[in-house]
Amino acid sequence: MQSKKEIGLDFIKNNYMDFICPYCKEKMHIEDSSLKCINNHTFDVTKKGTINFIISTKIKESKIYNEELFSSRRKFIEKEYYKQVYELIASDINKLNLNNIKILDLGCGEGIHSINILKKIKNNYKYFGFDYSKDAINLASDYNSSNRFYFDGDVNNIPIATNSIDVIIDFLSPYSESEVKRVLKKGGLFIKIAPSSNYLIELRNASGLEKYQKQQEIIENLSKYFKNIVAENYKETFKIEKNDVENLIGMTPLKLKTTDLKIDKITIDLNVYKVIV
């Protein structure tokens, strides 16, 4: 059985042409167990089968977005509260009817959202997922495979070649419009998933927080840089068990005053924005 590092190296060897150096933007080549550019900037494949491409000194490990948070998120999301959202996203990708489709995931976290989407993709794919959190990528490496690779990366400096990606997914994460446009192929699909007003409303009500109010800001920002935006809303309320409430609280970056909240249902209210670049 291959180790995570061996799996990661196999992916890199087969797909190194898709990467560029985050320092100088030059192409990369394989040297032993590393990616290296002509200027000798070197990026090693870790024991987890990942690579750290973050070069900005401004990005530091978050005390909030840590292994505990991402572990709780994985446990909560595994209960299929987002199942129909995955169906919507996978359906749009499948409609492209592309074989060997290349998918890039911005802010993939510990990988649970994307792995559930990928299970529904009909054609062959190559998947690149990244996050700025080392803890998240270490967990995401559980999903390493011959067609999936995870790395530490910065949305403002994506180490992926220009015009090389068919689909970019942004699931509740930040993004750089200029990098999205650079990396996507002409005619590529950008899918942005963002909260709507009642997303996790029961948690917000129980903890005394206001409704999510940034949906108009998200639309306006998208409209500044992209045309022909198609939006679709998904909203459903589920009964929720005590263990899931604990994981829900554990996965939220909100600073809650207490973890002893009485919640017996939860609403998933998301907007899925689709743009052909």
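**Entry 1: D244**

The model is a predicted one, where local features need pLDDT of at least 70, side-chain atom pairs count only at pLDDT 80 or more, and totals for chains, interfaces and linings use all residues. Residues are numbered from 1 along each chain as its sequence is written, and side-chain values use heavy atoms, with hydrogens and water left out.

D244 sits in helix α9; helices are DSSP runs of H or I with at least four residues, strands are runs of E with at least two, and both are numbered from the N terminus. Which residues does D244 touch, leaving aside neighbours within four places in sequence? I found F76, K79 and Y81 in contact with D244, where contact means heavy atoms within 4.5 Å. I also checked R73: its C-alpha is 9.8 Å from that of D244, though the two are 171 residues apart along the chain.

**Entry 2: α2 against α9**

Next I followed helix α9 (residues 242-251) to helix α2 (residues 67-77); they pack with axes 7 Å apart, at an angle of about 140 degrees. Axes here are lines fitted to C-alpha atoms, for helices over the stretch in contact, and angles run from 0 to 180 degrees between N-to-C directions. That angle makes α2 oblique to α9 (under 35 degrees counts as roughly parallel, over 145 as roughly antiparallel, 65 to 115 as roughly perpendicular, and the rest as oblique). From α2 the contact uses L69, S72, R73, K75 and F76, and from α9 it uses D244, N247, L248, G250 and M251.

**Entry 3: α3**

I then turned to helix α3, residues 83-95. Its 13 residues reach 19 Å from first C-alpha to last, close to the 18 Å expected, which is 1.5 Å times one less than the number of residues. Its buried residues are V85, Y86, L88, I89, A90, D92 and I93.

**Entry 4: positive phi**

N100 has a positive phi near 55 degrees and lies in the loop between α3 and β5 (101-106). Is N100 buried or partly exposed? I got partly exposed, because its relative accessibility is 49%. N163 also has a positive phi, about 55 degrees, in the loop between β7 (148-152) and β8 (165-171). With a relative accessible area of 49%, N163 is partly exposed.

Technical notes
Buried < 20%, exposed > 50% of the residue type's maximum accessible area, 1.4 Å probe, protein only.
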